[in-house]
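Subject: Structure handover

Hi,

Here is the structure I promised to pass on. Please open it alongside this note.

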There are 2 protein chains.
Amino acid sequence: MANIKDVAERAGVSVATVSRVLNGHSPVAETRDRVLAAVHELGYRPNNVARALRTARTGALGLIISDLTNPFFTELADAVEDAARSLGYSLVIGNAGERPEQQDDYIRTLLDRRIDGLLVSSAGTGSAMLREVVASGTPLVLLDRSVPGVDAPCVRADGRAALTELAGHLAALGRRRPAIIVAPAGTPTGDERLALFRTALARHDIPLPDERVGATPDLQPTGGRQVMRGFLDLPEPPDAVLATDNLMALGALDELRARGLRVPDDMALVVYDDVPWFAHTDPPLTAIAQPTRELGRAAVRTLLARIEGSPAESVLLPARLVPRRSCGEPAGG
Amino acid sequence: MANIKDVAERAGVSVATVSRVLNGHSPVAETRDRVLAAVHELGYRPNNVARALRTARTGALGLIISDLTNPFFTELADAVEDAARSLGYSLVIGNAGERPEQQDDYIRTLLDRRIDGLLVSSAGTGSAMLREVVASGTPLVLLDRSVPGVDAPCVRADGRAALTELAGHLAALGRRRPAIIVAPAGTPTGDERLALFRTALARHDIPLPDERVGATPDLQPTGGRQVMRGFLDLPEPPDAVLATDNLMALGALDELRARGLRVPDDMALVVYDDVPWFAHTDPPLTAIAQPTRELGRAAVRTLLARIEGSPAESVLLPARLVPRRSCGEPAGG
DNA sequence: CATCCTCGTGAAAACGATTACACCGACGAT
DNA sequence: ATCGTCGGTGTAATCGTTTTCACGAGGATG
């Protein structure tokens with residue numbers, strides 16, 4: 001593969017001149033044309049590795065995603081990739097598979113590759129490596145999940161308004177015994193959603209007792225199904241369930257179907273994360289939609305700001321309620 | 001950030017020695033310990049960019065995926081990522097979004113980054129850039145979609161056995177008027193699935209007339225829905241539909257539901273690609289399952305073989321039929 | 001005792017770009 | 001005519017590694 005020296009020779013100039021022409025530094029008509037002609041004839045493409053070594057900028061961003069096969073994160077990754085590309089950056093993706101040690105492994109690798117910045121939607125709360133990243137000076141932005149003790153801006157959705165609206169929605173439809181399926185206790189996201197939902201319900205004098213709070217071991221369908229089973233076996237089962245992750249909702253739906261229960265007649269069901277699928281289920285599920293693509297874009301923007309040294313701040317975008325038919329017929333039909 | 005020179009000074013040796021210790025080239029107990037101690041104390045990590053420049057190996061693979069948000073490709077990407085990581089490679093992902101020009105753009109970028117090898121599940125048939133990749137000497141492996149005129153091994157699933165079995169399955173259940181929803185004509189994958197299905201049906205004396213072959217403009221739910229609408233408006237609608245991509249099946253299901261038709265009573269439905277969702281639909285859909293994760297692994301293995309200079313060949317893994325309830329009750333219940 | 005390897009080590013040349021610095025010619029001003 | 005300036009260019013240093021080559025010490029061998 002041709003290198004800059006070959007181009008220089010062919011154009012009869014020095015490598016410095018070639019470099020300058022290519023970077024638009026000192027454009028002079030005549031020499032410029034000769035250089036560009038040589039570039040064209042040789043099919044020369046600058047070696048990004050060498051450039052990165054010299055300039056200390058790789059033009060690559062890292063993205064650690066907690067579970068790529070979870071549709072919410074897929075969309076998030078897609079949005080990040082799109083934003084990165086349109087701003088001239090490549091994206092190195094690492095899938096943590098919800099395993100903290102694999103996440104740490106990956107972060108190490110990415111740092112060794114000298115990526116220009118790192119986006120992390122952290123699996124677990126393991127923050128030792130993340131603190132190391134901050135210490136190393138590599139720009140870091142947290143995505144979707146905040147991590148206590150790590151000094152980095154976090155881009156995520158704020159469920160307060162949506163959950164408040166949901167509480168009203170459920171109350172208006174006469175649901176008095178709501179339940180919630182959450183991620184394992186200690187997960188900031190799960191804890192927060194639970195707290196917000198509870199206070200929102202309280203405003204309508206609807207309690208959310210602990211027996212109707214079900215924690216799953218993981219964010220998978222089986223976990224959701226298990227919790228739903230527990231709910232249905234209660235002496236007084238709930239009449240509405242909020243699953244705080246889309247995969248868990250899927251499992252919950254399975255259990256309802258297996259028992260021949262109907263949504264919304266026998267049980268209202270609401271899903272956190274409005275992945276396209278839930279518009280195609282029967283019935284379509286009422287959902288709390290996070291502005292996924294905007295989150296991705298905002299995260300990249302924030303990261304670039306940090307890379308350029310601006311004092312970047314956390315971003316909180318509002319989630320919103322998307323009422324469908326799974327809680328009962330809304331007023332409008 | 002500490003570099004190899006700092007380590008050398010601290011350990012009282014030359015940089016060459018440090019390098020050798022770190023790469024396990026000439027291990028000598030005493031010097032070795034001093035070096036490792038220095039490495040540890042300084043928290044030294046080798047700069048991969050410099051290493052890549054010198055060795056002409058980046059340790060990164062590129063993956064161009066035609067549509068990351070399509071669950072089949074998500075799983076494929078996930079499998080590839082997993083395989084790459086476990087073999088010590090990082091993965092730079094590019095999402096072509098089914099746009100050939102964006103794909104070309106990305107391939108260019110990846111070549112500039114001097115990735116060690118490239119995996120492409122090509123959007124469209126634009127092969128000019130792919131031929132350039134081959135010419136440049138960068139190891140290339142095609143994934144899921146073969147591209148005529150490009151001399152590179154292709155890793156994909158073979159639907160012959162599954163489609164043959166499906167034809168028998170449908171025949172046994174008394175379906176006489178099958179239909180198929182395919183990608184736009186000219187797409188190798190779509191054409192092939194159509195041809196295989198047709199000959200498989202022929203063996204049971206079941207014809208597949210052109211009026212029951214519906215092409216969609218894209219691989220999206222709306223396209224599937226549109227085609228299904230056309231089928232249902234035929235004077236003699238089909239009694240079974242095979243959607244050759246999971247997203248199209250989703251749209252087809254929507255149209256059935258909108259018309260109040262029931263699966264499998266009024267219409268049998270089969271989906272190509274057994275993404276987890278279809279086990280959770282009502283009823284669970286009979287599917288043709290491609291060995292997605294194996295495909296990903298095989299693709300990475302094949303690519304590595306090419307990187308190491310072995311004469312790597314195409315891989316064809318059999319897809320299989322997963323009968324569920326969407327074509328009628330199978331014998332076993 | 002001389003010679004030949006072997007082994008560990010260091011000095012220095014790559015890898016392919018960017019960029020600080022020096023230089024040189026032309027041109028405008030004095 | 002002389003000097004200063006300025007724009008364009010080339011030379012060479014630099015980024016952080018790996019690796020070739022040469023060297024010197026030491027052990028084995030004759």
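Predicted model: local features only at pLDDT ≥ 70, side-chain atom pairs only at ≥ 80, totals over all residues.

Chain B superposes on chain A by a rotation of 180°, with 0.0 Å of shift along the axis and an RMSD of 0.1 Å. The two copies are thus related as by a two-fold rotation axis. Val92(B) is the residue of chain B that comes closest to this axis, with its C-alpha at 2.2 Å.

**Contact between chain A and chain B**

Chain B puts 44 residues into the contact, and chain A puts in 43. Of the interface residues of chain B, 98% are also interface residues in chain A, so the copies meet through the same surface.

The buried area is about 4400 Å². Carbon and sulfur atoms give 57% of that. Three residues stand out on chain B: Arg113(B), Trp277(B) and His280(B). They supply 17% of the area that chain B buries against chain A, more than any other three residues.

Two salt bridges link the chains. One of them joins the side chains of Arg45(A) and Asp112(B), at 2.7 Å from N to O. Polar contacts between the chains come to 22 residue pairs, counting those with both residues at pLDDT 80 or more.

Which elements of chain B touch chain A? Those with at least two residues each are α4 (48–55), α5 (71–86), β2 (90–95), α6 (100–112) and α11 (246–258). β2(B) gives the most, with six residues. By class, this side of chain B has 18 nonpolar, 15 polar and eleven charged residues.

**DNA strand C**

There are 24 residues around DNA strand C. Ile4(A), Ser19(A), Arg54(A), Thr17(B) and Thr31(B) come nearest.

α4(A) has the largest share, five residues.

- Ser19(A): a polar side-chain atom is 2.5 Å from a phosphate oxygen.
- Arg51(A): a side-chain N or O atom is 3.5 Å from a phosphate oxygen.
- Arg54(A): a polar side-chain atom is 2.4 Å from a base oxygen.

Best wishes

Definitions and conventions
Residues numbered from 1 in each chain as written. Chains lettered and ligands numbered in written order. Heavy atoms only, no water. Least-squares fit on C-alpha atoms with pLDDT ≥ 70 in both. Contact = heavy atoms within 4.5 Å. Buried area = accessible area lost by both parts, 1.4 Å probe. Salt bridge = Lys/Arg side-chain N within 4 Å of Asp/Glu carboxyl O. Polar contact = N/O pair within 3.5 Å; in protein donor to acceptor, adjacent residues only side chain to side chain. Helix = DSSP H or I, 4+ residues; strand = E, 2+ residues; numbered from the N terminus. Nonpolar A, V, L, I, M, F, W, Y, C, P; charged D, E, K, R; others polar. Near = heavy atom within 4 Å.
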